Amino acid sequence: MIEFRDVTKRFPDGTVAVDALNLTAETGRITVFVGPSGCGKTTSLRMVNRMIEPSSGVIEVDGQDIMAGDPAELRRGIGYVIQAAGLFPHRTIRDNIATVPMLLGWNKKQARERAMELMETVGLAPEMGSRYPAQLSGGQQQRVGVARALAADPPVLLMDEPFSAVDPVVRENLQDELLRLQSELGKTIVFVTHDIDEAIKLGDRVAVFRTGGHLAQYDEPGVLLARPADDFVDNFVGRDRGYRGLGFVSSSGLPVGELRTVEVGGSAPEGWSLVVDRERRPLGWHHGGTAGGTAGEENLVPGGSLYDAGSGSLRSALDAALSSPSGQGVAVAADGRVSGSISADDVLAALAVARRDDAAA
Amino acid sequence: MTWVLGNLPLIGDLLVQHIVFSLVPVVIGLVLAIPLGWLADRTRAGRTIVINLSGLLYTIPSLALFVFLPAILGTSILDPINVIVALSVYTVALLVRTIADALSAVPDLVVNSATAMGFTPARRFVGVDLPLAIPVIVAGLRVAAVSSISLVTVGSTVGFGGLGRMFTDGFQRVITAEIIAGIVLVLVLALVVDTLLVQGGKALTPWERAGETVRRGVEA
């Protein structure tokens, strides 16, 4: 657990970067600091490992005042992933990852073995161990950055806009990877970003900062989207927040209706039918016109997104309905087999029920 | 050519002397310049003082230094220590600025990341800052070494050993072959030392060429 109590940072020139911050980052959770530039989110993060020292107030990591000991020692116990990876260009990937274990006095062999283990954890091929950072792509360097931060197995991980320098596709990849890692490792993570979508995707709780170092709202992402505290948060959360908020509403109780399917190559009736393979996995849609026809692979109409009836949110259900050419969303079971259809009207009805329950609670 | 063949032992002695007189100061100068360059890199005031002082030192004519050092050090006029000290002073003067510049050119991102990993300042200097400064330091060393090799010949005019003796002696006794051989040997020595420094620098910085190879990495 990381606790900020009345933490203020005033720089020598008089600027107040962080103003009386009170916040608790829960153990084993991802807490995201988000906000426009100059809002104090990065300063707040860097105060945790004393890269910047607070002017007043107390920061505790797992009950220990961070100002109590030696800063270098404190930092070895806190993983840190920096913008654009910040790898050491003169060290091989393996030695980059082994940095903190070596600083902690492990022997070289142990440290290198640990490095190889972590390369596997973050999905890097072992032969990359002997390369230098300049020989890796941006996304790979970022993975090394994460592996390096995890090397000494610190309970706390600070991530300072780690994915801001890679392209959107790779970024999304890295985000998914981080969530997967976190589900295995359960670290206490503080993650700084200026990207609200990244914050909402990754955060168990999201702290929205406003210019001048004030905390505007600190809530779960679903709450942030549904009930922004004020106009600033509303604006910052951005457009489509109603739609995006559906991603945090469970779809349990959403009715799954009948869906007309036809096996590929079979004869289809008039109108829309979903074409499936032998295992009842969806392949695409077929429009039989007014007289029906053969649902061959060559005349398939691409389908929309699929809705996982077991674990999906209302957002994925609505998107499945809206993106389907027939207007019927395709619901699938966990094994990918078609389980039925979803209509947009049903999603809206389910939302109304969820709202009513929410208001009653 | 016959003069050269007839005086091989003498030439050998002078060459060894020349190497010692010119390269020992480069090593001493480097060792002194690293902490001074570090100091200059740390504070603005330190930088101003160290760099101006080293600039001033470099403007002292070498001949004057050779002549005045015995008075300052209390050594005899032809004590080789005089040459060593004088050339060490020049090397320091040349390298301090180079090292300060090389250290300040290490990217902030890398320095910050090292600090955040838990490097102590001293360990960071040795483990991160200094290795990354090697390419620039080697460039400075090449200038220092070559200038040191040529300055030793100036020392010969006031009586010190080294290949410069072959110029003074050759002029006095009008032996053209001796003068030419001296010039050629100084040039060859400078070229060999320079090449060794370049190769040594490359061997110490394998990562510098890693970036030039095709990025074989598969996109993450």
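## Contacts around Leu15(B)

Two residues are said to be in contact if their C-beta atoms, placed from the backbone, lie within 7 Å. By that rule, and leaving aside its neighbours within four places in sequence, Leu15(B) is in contact with Leu163(B) and Leu185(B). The structure is a predicted model, in which local features need pLDDT of at least 70 and side-chain atom pairs count only at pLDDT 80 or more, while totals for chains, interfaces and linings use all residues. Residues are numbered from 1 along each chain as its sequence is written, and chains are lettered from A and ligands numbered from 1 in the order in which they are written.

Leu15(B) is found in helix 2 of chain B, which covers residues 8-42; helices here are DSSP runs of H or I with at least four residues, strands are runs of E with at least two, and both are numbered from the N terminus. Leu15(B) and Gly182(B) are 167 residues apart in sequence, yet their C-alpha atoms are 9.4 Å apart in space.

## Two helices of chain B

The axes of helix 6 (residues 108-117) and helix 7 (residues 121-157) of chain B come within 11 Å and cross at roughly 165°; axes are lines fitted to C-alpha atoms, for helices over the stretch in contact, and angles run from 0 to 180 degrees between N-to-C directions. Helix 6 of chain B and helix 7 of chain B are therefore roughly antiparallel to each other, a term kept for angles over 145 degrees. The contact is made by Val110(B), Ala114(B) and Thr115(B) of helix 6 of chain B, together with Arg124(B), Val128(B) and Leu132(B) of helix 7 of chain B.

## Domains and strands of chain A

Chain A is divided into domain 1 (2-239) and domain 2 (261-353), with bounds that come from an automatic or database domain assignment. The C-alpha centres of domain 1 and domain 2 of chain A lie 41 Å apart.

In chain A, strand 1 (residues 2-10) and strand 4 (residues 56-61) run antiparallel and are joined by five bridges, where pairing requires that DSSP finds at least two bridges between two strands. Ile2(A) stands opposite Val61(A) in strand 4 of chain A. Strand 4 of chain A also pairs in the antiparallel sense with strand 5 (residues 64-65) of chain A over two bridges, and Glu60(A) stands opposite Asp65(A) in strand 5. In the hairpin of strand 4 and strand 5 of chain A, which has two residues between the strands, Asp62(A) takes a positive phi near 45°.

## A three-stranded sheet

An open sheet of three strands in chain A has the order 16-17-18, with mixed pairing. Strand 16 (306-308) and strand 18 (338-342) of chain A stand at the edges, each with a single partner strand, so one side of each is left without a neighbour in the sheet. Strand 16 and strand 17 (residues 329-332) of chain A pair in the parallel sense over three bridges, and Leu306(A) stands opposite Val330(A) in strand 17 of chain A. Helix 12 (residues 314-323) of chain A lies across strand 16, strand 17 and strand 18 of chain A, running at about 150° to strand 16.

Key
Angles under 35 degrees count as roughly parallel, over 145 as roughly antiparallel, 65 to 115 as roughly perpendicular and the rest as oblique.
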